[in-house]
Each structure stands twice: as C-alpha cells, then as structure tokens.
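These are my notebook entries on a structure that I looked through one place at a time. I kept a record of each thing I looked up.

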Amino acid sequence: MTEEAQGRDDEETAGQEAIDEEVRARQALSRDDHARDALTGTAGPRRRRRRERPVVPEPEFTSYYGRPVLKAPVWKALDIAGYLFLGGLAGGSSVLAAGAEVTGRPHLARGARIGAAGAIAVSMVALVHDLGRPGRFVNMLRVLKWTSPMSVGSWLLSAYAPAAGVAAVSAATGRLPRIGTAGAMAAAVAGPAVAAYTGVLIADTAVPGWHEAHRELPYLFVSSAAAAGGGLGLLVAPLEETTPARRLGVAGGAAELLVARFMRARMGVVAEAYETGRARVLMRAAEALTGTGAVAAALGWRSRWVSAAAGAALLAGSALTRFGVFEAGMISSSDPKYTVIPQRDRLHPR
C-alpha cells in the first residue's frame, strides 16, 4: 500500500471516528435537548451556553435631514402660557371668593371676585389672540364632545366667565347682591374644573414634555391655581381678613412643589427637558418664589407688608410654573430622543 492510500485511509478513519463521537453525544442528550437543538440550531450544551456578541451598535437619535420627529407647536408663550396661568388664577380666586362670602369677609370676597373676572377676561383675550379671530372660539361651541379636552374646556369657559362677570359687577357696584352671590357660587363650582382642564388639554397632545406628564399636570395646575388665588387674596384683602387666603396659598404652594418634584421623578428621560435651557431657569425660579411665598405667608400673619410680599411671590411663582412647563414642552418637541425612548420603553413590557 502506498503512502497516499495510507493517508486516505487514516483520514476516513478519523472522519468516521468523529461521526461516531457526534452520534454518541447526541444519543446521550435528552429529548428536551434535542427539541431545543432543533429550534435553536445549536450542536450541543457547550454551544448553547455561548453568548452571542452584539454586532449592531446602540442607535443614535437623529432626525431625517436634521428635522425633528415632531412638528413643534406654533403657540406663542405669552398667549398660551399666559392663558394657562390666568385661567388657573381665575378658578382659584373664585373658590376663595365663595369661601370669603360664606365666612363673612366682604373685602376679601370683593377683591377675589373682581380678580377672578379680570383674570378670565384677559385669559380669553389671549386665547382668541392665539386663535386669530373670535369666530374660531364660537365654532368650538357648535358641539360638545366629552372625549375632547378642547371642546369641554370651551363649554366650561362659556359657563364660568358669565358667572364670574356677574359676581364681579355686583361686588363692584353693590347692586343685585343676591344675583351676585349666586354668580359667585356658580363660579366657585366651575373654578376647579377651569383650573384643571388646561393641564388635561396640553397633556392630550403629542408633545413629550406634556404628554409624559399627563398624570400630574392637572394636579400641578390645580395646586398652582390655589397658590395664585391665595396670593391674590393676600394682596387685596386687609390683614384681618386674610386667613383663608393665607391657608389656601400655603396649601397650594406646598402641593405645587411636591407635585412638580414627583412629576419630574416619574417622567424618566423626558424630565431632562425641564432641566434644560430656559425651562430650567423658569422652573427653578418658580420653585424659589413659591417656596418663599408659602413660608412668608405662614409666618407673616402679623405684618401687612410681609403678607403682601408673600402674595406677590405666590402669584409670580404660579405664573413661572406655567411658562416653565410651556418651555419644557417646546424643548422636548425639538429633540428626537424624547419621542423615541419613551415609545421604546413602553414596548419592552409588552
């Protein structure tokens, strides 16, 4: 036998031995292992335990031709953020006016009534200015759609504004006191809804900075409205009648700070929009003013000047909260990651 034939025989023998070894290894496997091999395409336990190395890099959140994923809202900050703040101020002031009326504090009731009517009037002017013409607001009243925050809010404003106006005119002129009291009570019933619906309204959009906060925004706006209403009461009422306003301002300010912190803690990566640029400055200033105003309102019950300063701080803090939330929404709509990451995170549990 030649050396070449001997080499071929050795190769065939080695190949047959390898095949026999593979057959014996597979026979030793259990039925479950065979099933897993058929599904995964592995050759045995050792290969099954081997972890695959990732070959796809982490995605970078860029946009098509430099464009954002979402089209940013065309709303103007002065119109919409001002509308959000003034609507909340009106709702909180109406609740305070009703409480002052019931407890026999005429100066506080008068100032809160007039303040509520003035705030809702200016807020509707800001809304109509953003819409472009008054007819567009009237068109929203053609139907009432319970699933649309805009539709419900339009009807709320249409019911609340006349009641607040009647209460303010009666308080300013001293005429028709019973009708004025009825208007004040009706405005107090609708006031919390007017303060809360704006939070539902902006959270119902696709803007990540607002939509991801949909659980907390109504509570944030109601507590901020209470702080603003209490602040207005501290400004317009004499010292001996400011107790309800003081309590409302302290409670609203404390709740506003707590809800804002909880909201940002729950929002995940989108909370970065509230810590970026102008939104960060506005939100930090709002926290400082609201906290200072609440503390001054609680401790300054003997001083008219301290009470007035506390009221001004609470009002300013409430306004800056609305402007900060508005600005954070605008920031979040311009960065693709605030849209992509929350959607991806919601898909993982499914």
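**Entry 1: Ile80**

I looked up Ile80 and found its place in helix H4 (residues 77-102); helices here are DSSP runs of H or I with at least four residues, numbered from the N terminus. The model is a predicted one, in which local features need pLDDT of at least 70 and side-chain atom pairs count only at pLDDT 80 or more, while totals for chains, interfaces and linings use all residues. Residues are numbered from 1 along each chain as its sequence is written, and side-chain values use heavy atoms, with hydrogens and water left out.

Is Ile80 buried or exposed? I noted it as buried, because its relative accessible area is 6%, and buried means under 20%, exposed over 50%, and partly exposed in between, with a 1.4 Å probe and protein chains only. Leaving aside neighbours within four places in sequence, I found Ile80 in contact (heavy atoms within 4.5 Å) with Trp75, Asp130 and Phe326. Ile80 and Asp130 are 50 residues apart in sequence, yet their C-alpha atoms are 7.4 Å apart in space.

**Entry 2: Ser123 and its helix**

I then turned to Ser123, which lies in helix H5 (residues 106-131) and counts as buried because its relative accessibility is 0%. A polar atom of the Ser123 side chain lies 2.9 Å from the backbone oxygen of Ile120. Not counting residues up to four places away in sequence, Ser123 touches Tyr83, Leu86 and Gly87.

For H5 itself I wrote down 26 residues and a reach of 38 Å from first C-alpha to last, close to the 38 Å expected at 1.5 Å a residue; the expected span is 1.5 Å times one less than the number of residues. After H5 comes Gly132, with a positive phi near 110 degrees.

The 25 residues of helix H7 (residues 149-173) should span 36 Å at 1.5 Å a residue, and I noted that the end C-alpha atoms are 35 Å apart, which agrees. H7 is followed by Gly174, whose phi is positive, near 80 degrees.

In the loop between H7 and helix H8 (177-203) I found Leu176, which is not a glycine but has a positive phi of about 45 degrees. I recorded Leu176 as exposed, because its relative accessible area is 57%.

Technical notes
Helices (H or I, at least four residues) and strands (E, at least two) are DSSP runs, numbered from the N terminus. A polar contact is a pair of N or O atoms within 3.5 Å; within protein, one must be able to donate a hydrogen and the other to accept it, and residues adjacent in sequence count only if both atoms are side-chain atoms.
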